[in-house]
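Hi,

Here is the structure I said I'd pass on.

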Amino acid sequence: MAPRKKMIVLVLLLLAAAACTIAAASKTKKAGKVCDKGWECKGSVYCCNQTISDFFQVYQFENLFSKRNTPIAHAVGFWDYQAFITASADYQPLGFGTTGGKQTQMQEVAAFLGHVGSKTSCKKHNRGYGVATGGPLAWGLCYNKELSPSQSYCDDTNFDYPCTPGVDYYGRGALPLYWNYNYGSIGDGIKADLLSHPEYLEQNATIAFQAAIYRWMTPMKKKQPSAHDVFVGKWKPTKNDTLAKRLPGFGATMNVLYGDVICGQGYIDSMNNIVSHYQYYLDLMGVGRDISGDNLDCAEQAAFNPSYKPSSTSSSA
């Protein structure tokens with residue numbers, strides 16, 4: 001090859017290498033810095049923020065769920081702080097409790113646990129105890145399963161997740177699951193065979209929290225956002241959403257999780273109870289309910305996915 005041609009080839013190779021370097025640098029800058037915070041959060045830009053255990057510690061968990069181990073509770077000794085933190089470690093790199101600044105992070109933890117506390121509360125057994133026992137909002141994590149199921153919750157028309165013979169799919173867990181296909185799909189998501197062994201959710205608190213956080217972080221139906229996305233502002237409502245009064249905020253998390261079982265029915269007790277738990281937890285975590293945000297309820301929101309039969313994720317309310 002002639003010297004001139006060699007020089008041209010060399011220049012072209014150098015230019016190509018420079019272009020690759022610039023592209024890689026641009027991609028890295030766009031992706032953001034990736035951080036490791038030990039076992040709790042690693043390999044993600046979200047891990048550059050505080051982890052959940054940095055701002056939410058054992059004593060706060062105990063304050064939120066102060067009556068869960070009293071004799072009246074039905075899951076004494078089951079739920080604990082370490083199970084929650086261990087379960088959250090799978091999702092903190094994805095933004096659970098690690099999105100935004102510290103205030104937003106604390107709000108999301110309070111929002112998620114507000115749902116959990118409301119759905120596992122023994123408050124209906126707390127009549128007559130009054131303020132001396134902490135009041136009706138202090139009884140979250142009292143249950144880990146439905147005590148008197150009205151049915152087996154087996155939908156034998158679902159061929160993706162057929163019922164395991166002899167197994168019942170009544171409510172279990174931190175955000176109670178119902179129906180075989182919900183156990184099956186969420187079991188796939190957390191890599192646990194919940195379809196064959198739904199009892200895992202009442203035997204292992206870490207798995208129970210994992211299933212609940214997965215449900216919080218994952219869109220459970222087509223054309224529907226996750227509860228996480230509508231809460232932290234990642235979801236942008238369409239014109240139809242706006243007309244249906246579906247806007248980002250805590251209210252939309254209820255719409256995602258429960259649909260028209262809770263939402264679009266005015267200020268019903270079941271909806272108000274979830275909101276009250278969220279605000280109560282904000283107070284106990286030192287954030288204060290004053291920053292609970294806009295669009296706090298879903299009283300007038302149309303459901304993302306209207307339910308036409310009691311066999312959907314939303315019917316686990």
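This is a predicted model: local features need pLDDT of at least 70, side-chain atom pairs count only at pLDDT 80 or more; totals for chains, interfaces and linings use all residues.

Let's start with a helix pair. Helix 5 (residues 102-119) packs against helix 8 (residues 205-217) at an angle of about 115°, and their axes are 11 Å apart. Helices here are DSSP runs of H or I with at least four residues, numbered from the N terminus. The axes are lines fitted to C-alpha atoms over the stretch in contact, with angles running from 0 to 180 degrees between N-to-C directions. The crossing of helix 5 past helix 8 is right-handed (the near helix is turned clockwise from the far one by less than a right angle).

On the helix 5 side the contact (heavy atoms within 4.5 Å) is made by Glu108, Ala111, Phe112 and His115, and on the helix 8 side by Ala212, Ile213, Trp216 and Met217. Sorted by class, that contact has 6 nonpolar, 1 polar and 1 charged residues. For the classes, Ala, Val, Leu, Ile, Met, Phe, Trp, Tyr, Cys and Pro are nonpolar, Asp, Glu, Lys and Arg are charged, and the others, Gly among them, are polar.

Residues are numbered from 1 along each chain as its sequence is written, and side-chain values use heavy atoms, with hydrogens and water left out.

Now the rings. There are 22 aromatic pairs, a pair being Phe, Tyr or Trp rings (six-membered ring for Trp) with centres within 6.5 Å; planes under 30 degrees apart are stacked, over 60 edge-to-face, the rest tilted. One of them is Phe78 with Trp79, edge-to-face at 4.8 Å centre to centre and 90° between the planes. Phe78 has 13% relative accessibility, so it counts as buried (under 20% relative accessible area, 1.4 Å probe, protein chains only). Trp79 is buried too, at 1%.

Phe112 and Trp216 also pair: their planes are at 80° and their centres 5.8 Å apart, so this one is edge-to-face. Because Phe112 lies in helix 5 and Trp216 in helix 8, the pair ties together parts 104 residues apart in sequence. Both Phe112 and Trp216 are buried.

Two charges sit over rings (NZ of Lys or CZ of Arg within 6 Å of the ring centre and within 35 degrees of the ring normal). Lys119 is over the face of Tyr258, 4.4 Å from the ring centre, and Arg172 is over Tyr170 at 3.8 Å.

Cheers

How values were computed
Helices (H or I, at least four residues) and strands (E, at least two) are DSSP runs, numbered from the N terminus. Buried means under 20% relative accessible area, exposed over 50%, partly exposed in between (1.4 Å probe, protein chains only).
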